[in-house]
Amino acid sequence: MSGQVITLNKKKYAVGLFWQPTGAGYVARSYARTLARSVDKKLNLFTEYRGMVGLGARRAGHRSGMDSAAAAVVDALGEFSSFLAVFAVDKKFYLVAVRNGIILEDKLFEREEDARSEYFKLSEIPDWAALFAPAPWGMPRAVERNLSDLTIRAIRAQLRPISRAWGVIASVLLIVAFVVSSIWFFREPLQQMNAASEISEMDSELVAEYEKQVEEKNKELDAAFEIEKAPAPEPIVLPYEYLPDPMERAQVCYQAMGFLMQPITGWNQTSVECGESYATVRFVRDYGTLDDFYMMATELMPASFVQQESEKSLTVRAKLPDVSTYASIDERDVETVLRAVMTAFQGIDTPADAQMVVDTLTNGVDTIYLNVVEVAAESKLIPTEFMQIFDDFGGVYMTKCVWNASSRTWNYEVIIYAK
């Protein structure tokens, strides 16, 4: 599984991701964690893209913040809901297969023969909207495209750690590297300090003359190079000092999602999501037309933003109003908070996925580690009712809630800042 990275326009992209549809109403990080446990526990990175999650691994060369090449190709070829494509890149061959907007294959082949064989096998599936292959292959109906031309636009499918514990490890390694490099960088000043201790034994007049010469030389250097002190770093903003009121945010989410859940003739709602700043509803076409949708959406959901994902699916997004904020943190240790969360959900006989993580905040000079309890749960309770479970907790923030139209259930993602 090594070497699943390609370089295009001097930028590295992740390939070879394991893609699966999340299903309406699922929280991406929790679903990715569950999927990795069942498929391969070494899959420790994920990206969320168009109702799918793609799993990657550091052992394959993937890194946090790296873009998915498959997502870039799907974005660039957005006019096709289904396509089969092979691209020659870095003396290798990269294959992407998409059916009805779902990424089926995302593979990098070392040998041309293997790529050609896989392309032949998949091309036997009927009704591909478009075929792309290298010109020397001479494939029927296929045209050649340059992969570099398809990855010039910005995409929203960056890899992130499935578990936030990796952020702590990376921070520790950076601190160790900084200490080692500092010792190496300041080895000469340290040697000068040792030399100064020897000078202290010399005649006091010689020492004074030596210090005077050093001071004058430093002033000359400062004047020559206009040395200025580096500006003080911005203070670290602690997120629990500006948390939205839990019940007020729950009410805002519920109202915003209700505003977007408007019936559009010929279009079916699949899910509605309330994120940190926006509420978003997804529609899938039944028999309606795009013109009908835009006309009715403009009338029923004014001041909202419509984005067309494909000819059969659209999303509508609305900005959430601001809510009052306050400082809050749970004064208990993180283990006690986790136990209290599990007890609260057991008391109402509702399964919940809860875990302890550590968030790292830094301004380049100072570093702060925050103890956080992450909670993901599915419930029949509406947001204002669900958040009552956390009445006895401090530092509570509902980061996301999703309404699943098919199962008629809510999925919640909540974090709690602990001491």
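Colleague: Which residue in S9 stands opposite Phe 93?
Modeller: Phe 109 does. This is a predicted model, where local features need pLDDT of at least 70 and side-chain atom pairs count only at pLDDT 80 or more, while totals for chains, interfaces and linings use all residues. Residues are numbered from 1 along each chain as its sequence is written, and side-chain values use heavy atoms, with hydrogens and water left out.

Colleague: How many bridges join S8 to S9?
Modeller: 7 bridges join S8 to strand S9 (residues 102-109), and the two run antiparallel. Strands are DSSP runs of E with at least two residues, helices are runs of H or I with at least four, and both are numbered from the N terminus. Two strands pair if DSSP finds at least two bridges between them.

Colleague: What is in the turn between S8 and S9?
Modeller: The hairpin has 2 residues between the strands, and Asn 100 in the turn has a positive phi of about 55°.

Colleague: And which residue in S8 does Ala 88 stand opposite?
Modeller: Phe 93. Strand S7 (residues 83-89) is joined to S8 by 7 bridges, again antiparallel. The hairpin of S7 and S8 has 2 residues between the strands, with Asp 90 at a positive phi near 55°.

Colleague: How many residues of S8 are buried?
Modeller: 7 of its 8, so to speak a mostly covered strand, at residues 92-99. Buried means under 20% relative accessible area, exposed means over 50%, and partly exposed lies in between (1.4 Å probe, protein chains only).

Colleague: Changing topic. What is in the largest nonpolar core?
Modeller: It has 44 residues, and those with the most contacts inside it are Phe 293, Val 341, Phe 386 and Phe 390. A nonpolar core is a set of buried Ala, Val, Leu, Ile, Met, Phe, Trp, Tyr and Cys residues joined through side-chain atoms within 4.5 Å. Helix H7 (residues 246-260) gives the most to this core, with 6 residues.

Colleague: What does Val 341 contact, leaving aside neighbours within four places in sequence?
Modeller: Val 341 is in contact with Ala 354, Val 373, Val 375, Phe 393 and Ile 416. Contact means heavy atoms within 4.5 Å. Apart from this core lies another one of 33 residues, including Leu 45 and Phe 132.

Colleague: Back to H7. Which of its residues are buried?
Modeller: Pro 246, Arg 249, Ala 250, Val 252, Cys 253, Ala 256, Met 257 and Leu 260. Seen down the axis of H7, these fall within an arc of 165°, so they line one face of the helix. The arc is that of the directions from the helix axis to the C-beta atoms.

Colleague: What about Ala 28, buried or exposed?
Modeller: Ala 28 counts as buried, at 3% relative accessibility. It is found in helix H1 (residues 28-39). Beyond its neighbours within four places in sequence, Ala 28 is in contact with Phe 46, Glu 48 and Val 53. Gly 54 is 26 residues from Ala 28 in sequence and 9.9 Å from it in space, C-alpha to C-alpha.

Colleague: Last one. What is the strand order in the open sheet of 4 strands?
Modeller: S3-S5-S4-S11, with antiparallel pairing. Strand S3 (18-21) and strand S11 (160-161) stand at the edges with a single partner strand each, so one side of each is left without a neighbour in the sheet. S3 is joined to strand S5 (residues 52-56) by 4 bridges, and the bridge partner of Pro 21 in S5 is Met 52.
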